[in-house]
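Reader: I'd like a close look at a single part of this model, plus how the rest is put together. Could you walk me through it?

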Amino acid sequence: MRVRHGMPLAALLAASLLAGGCGGSGKDELVIGEYGSLTGGDATFGQSTKLGVEVALAELQSEKQGKIGGLPVRIVVEDDQSQAQEAATAVQKLVNQDQAIAVLGEVASSRSLAGGPICQAAGVPMISPSSTNPKVTQIGDYIFRMCFLDDFQGRSVAKFATQNLGLKRIAILKDVKSDYSMGLTEFFTAALKEMGGTVVAEQAYQAGDPDFSAQLTAIKARNPEAVYITGYYTEAGLIGRKARELGITAPLLGSDGWESEKLLEIGGEALNGSYYTNHWALDQPDPQLQAFLKTYRERNAGSDPDAIAGLAYDAAKVLFGCLEKLAAEDPATFRALGSARAGTPERKAATAKLRDLIAQTKDFPGVTGTITLDENRNASKPLVVLEIKGGKKVFNTSINP
Amino acid sequence: MRRTLGPAAALGVLLLLDRWVPAATNDYHFQVLMLIGINIVLAVSLNLVNGFTGQFSIGHAGFMAVGAYASAKFSLELGKPLVASMAALPAPLAQGVALLFALTAGGLLAAVAGWLVGLPSLRLRGDYLAIVTLGFGEIIRVVILNVEAIGAARGLPDIPQWASFFWVFGTVVVVVTLARHIAASTHGRAMFAIRDDEVAAEALGVDTTRYKVVAFVIGAFFAGVAGGLSAHFLSYLNPSSFTFLKSIEVIAMVVLGGMGSVTGSILAATILTLLPEVLRPVKDFRMVVYSLMLVILMITRPQGLLGTHELTWTRLRGWFGRRAPAKGAA
Amino acid sequence: MSEFLQQLVNGITWGSVYALIALGYTMVYGILRLINFAHGDIYMLGAFTGLYASRWFGAAQQPSPLKALLVLVTSMAVCAVLGMVIERLAYKPVRRSPRLSALITAIGVSLFLENGCVLLFGASPRFFPQIVEQRNLPLGFGVTLSNQQLIVIVVSLVLMLALRWLVLHTRVGKAMQAVSHNHMAAALMGISVDRIVTFTFMIGSALAAAAGVLVALQSPRIEPYMGILPGLKAFVAAVLGGIGNIPGAVVGGLVMGIAEVLVTGYLSPTYRDAIAFILLIVILLVRPAGIFGRAVAEKV
């Protein structure tokens, strides 16, 4: 009889001994959390986000010794290994252990959907730099994004295919593991039908699959005029290669999930003659963009940023801007951000005020375009279509919302 | 009077701890504690199959998945309206009732899965049984991947967080009690006989098939309940949490503790849940350490920490001074 | 019709890979009655070794058949040695232990290899360079064979025939057969059981490594966990053909590859992984000895 209680209780005591609030820092500072896929299948997304945020932080260092309103800014980065459950765990840690006042992330919509509810419940604002699936900001009023939505993006791809390329019969290859891919497929299919095209084949894959020859063979048999790959860059590259190996010559289409320096490394020549929609084109003459390019290249040994880095930079700048504003307009509340512990009423009031300021973002001059957040906390921005020619990404056209 | 004293005391202790523990620990430590509880339930449930009856099942994650998804879906569809209709009761009570229903539903469905898996598989032996159970575990996961109604590959979010300390550790108490009672009963003896020598047991008149299936079903039931608790604690389910690797984690707990020892499973579950957290600073090495431990354990001490014995006060005293009593004093 | 034929070609390509891996499983099981869970990870290591070998030989910058062959042979050699090391360190001590302990040891070795590789190579996937220039060979009927697929099929065939020759026509092969029948009797006949076991492991590992390089040729993404599922599926293939039976492993592998590709192409890609296990369960319920196996009565 006694043994039954003995063991669980002993374990309890041992664990309780470990209890005793760790986490949180001793001095006052502004802790900003950042979560992204630093490793795993979508590694460049998280790495680019990190680099973009670092540029913003570096500017803060040089202009204001890394402080806002007198409090130093510290960014805590967590890796979610490209997995949704890890994203949830990472955000838990950022919000509860590191006591972040705001969270930047994620790029992949599925992972934003995993981390968002935690931020919403804790009253911590989350700014996603580049999650495009509409469901992300629908989580709640503490979730924001810096980019356009997939209903616009899917529609734009349909528009480009039918009007600019004059194609009607399109095959789709979608990633069933990704909310982004599934959502984009739906929006594209609906828009294509409206514009008089047809989806001649819709095949699916799972991110991480070793082989796509079965799906591509099925697609080839339907003879499409183009193949729209709605997933992320790694699979896009691999699928592109496999498609050419199997003798599919039709052009390939993609969306912002393709945006990565690794896309061409993986896909190689197979991707020549493909098009994908994106947040920016590096050869655009926009002065903000060019200035950011210069700074980024200096910091990163001449390599170019991708749109993910640009959006992350904008997200960080918007956040810093709002923090400055709060420090100027309401210093008392601002100080609570730095000193109060998570969960206390002062802290919740402070993050609520921060949230309100972020929601008021209007005409912010971002490097990825002018950012104005609407009542659903989404940005309405034009997109560009990039063409891959001779191993390079070239601006083709831009589409306005 | 004596018979009700034990359970009543247990209930009281659990209610007290349910009040005190969440307040006394931070979110992170609380989470680790809850995971320990869930893992104990998993380990003990698997021990019934592997340890008591000697049937090597490595598809346990599949039963956990069935229970998790079933109870989650139940809560989302039926549990929430149920709680709303019981608005007169205090929230923890109403949620607890809903959770109870959800867990039972999950556990029962998992038990059915266990029965379906057990029936054909249990005429196979050793290695083949292991692979077939592995196969069933994978099939269950792939089926879940394809059912849109429970989120398919993208997972099932927003599960109500009703699993409290009381429920998790209450289940621990129930499972452990049950296991100990089985071990001490004639049914338990039959199971141990099957483990030690199946042919001899059959020759002596033990209905081996029946016991093997029963062990499977009970093990699956509690794996399902553990899955349900996990779902209602983490609030988010994804099929990739229930792969072959998860089954191996549970096997590691049973093997480390000693197949057939309930207290061993409890100890091992605790150690193996704390280990990754303790090793978090060197978390890249964590899995390497884990796997090395398995190999070294099998080479040097395959019976695990406690072998087939239970940890009793007598034994503990023996470790610290006087000689341990003769074997079988469990 | 042409779609079906093309899928068949795809299936045979994958089937050859599964067959190569299955051969290693079947040989080890025949000799030790051990399911070597770590075998799938040798396949993974073969791919990674191939990656580094191609860097070393510069096979990506100036592709040539000779360099590609060198990459393959290096990978096979390195993994053969690795197989030997694993056998000596981890499996020999548990050779006389209950099967369950040996199985868990195998699982432990498998996890160790996977996580060790994560430590060494990082968790993000790597991309195998194109060491053979890609060319399409239209076969008529709308079927296109890529030269990489052709290489996979041909090399697999060559290796399988070589193995068959080894087992049937050399002394070592006869010794392997003897040990798989009965350790004691073989030892009494003067065969060093330890040496033969090690040798079998080395051959099996070399074949798995070859499979890894061949797969990487046509599916260039490699990562530390890539061996788990193919390993399991190859084991199912071995069981399908009759475990311990070498031609059985080949047939089983081909059946597995074709079934998988057909299910993915015509049904749904999310069922791809399940088909292997469904086949397993069906076979174990209907004909547990496998296609070519012989049912052995259990003696008490």
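Author: Let's start with Ser124(C), which sits in the loop between helix H4 (99–121) and strand E1 (126–127) of chain C; helices (H or I, at least four residues) and strands (E, at least two) are DSSP runs, numbered from the N terminus. This is a predicted model, where local features need pLDDT of at least 70, side-chain atom pairs count only at pLDDT 80 or more, and totals for chains, interfaces and linings use all residues. Residues are numbered from 1 along each chain as its sequence is written, while chains are lettered from A and ligands numbered from 1 in the order in which they are written.

Ser124(C) has 21 C-beta neighbours inside 10 Å, so Ser124(C) counts as buried. The cut-offs: buried takes 20 or more other C-beta atoms within 10 Å of a residue's own, exposed 12 or fewer, partly exposed anything in between, with C-beta atoms placed from the backbone. Leaving out residues up to four places away in sequence, Ser124(C) touches Thr39(A), Gly40(A) and Ala43(A); a contact is two C-beta atoms, placed from the backbone, within 7 Å. Within its own chain, there are 9.0 Å between the C-alpha atoms of Ser124(C) and Ile222(C), 98 residues apart along the chain.

Now over to chain A, the partner in those contacts. Chain A has 13 helices and 15 strands, and 59% of its 401 residues count as buried. Its C-alpha atoms fill a box of roughly 65 × 65 × 40 Å along the principal axes. For contacts with a separation of 6 or more, 69% are between residues 24 or more positions apart.

Chain A splits into domain 1 (30–148 + 288–381) and domain 2 (150–278), with bounds from an automatic or database domain assignment. Their centres, taken over C-alpha atoms, are 30 Å apart. Domain 1 of chain A puts 16 residues into the contact and domain 2 of chain A puts in 18. On the domain 1 side, helix H4 (109–122) and helix H11 (307–329) of chain A each give two or more residues, and H4(A) gives the most, with three.

Last, the packing. The largest nonpolar core has 347 residues, of which Ala210(C) and Val236(C) touch the most other members; such a core is a set of buried Ala, Val, Leu, Ile, Met, Phe, Trp, Tyr and Cys residues joined through C-beta atoms within 7 Å. Both domain 1 and domain 2 of chain A supply at least three residues to this core.
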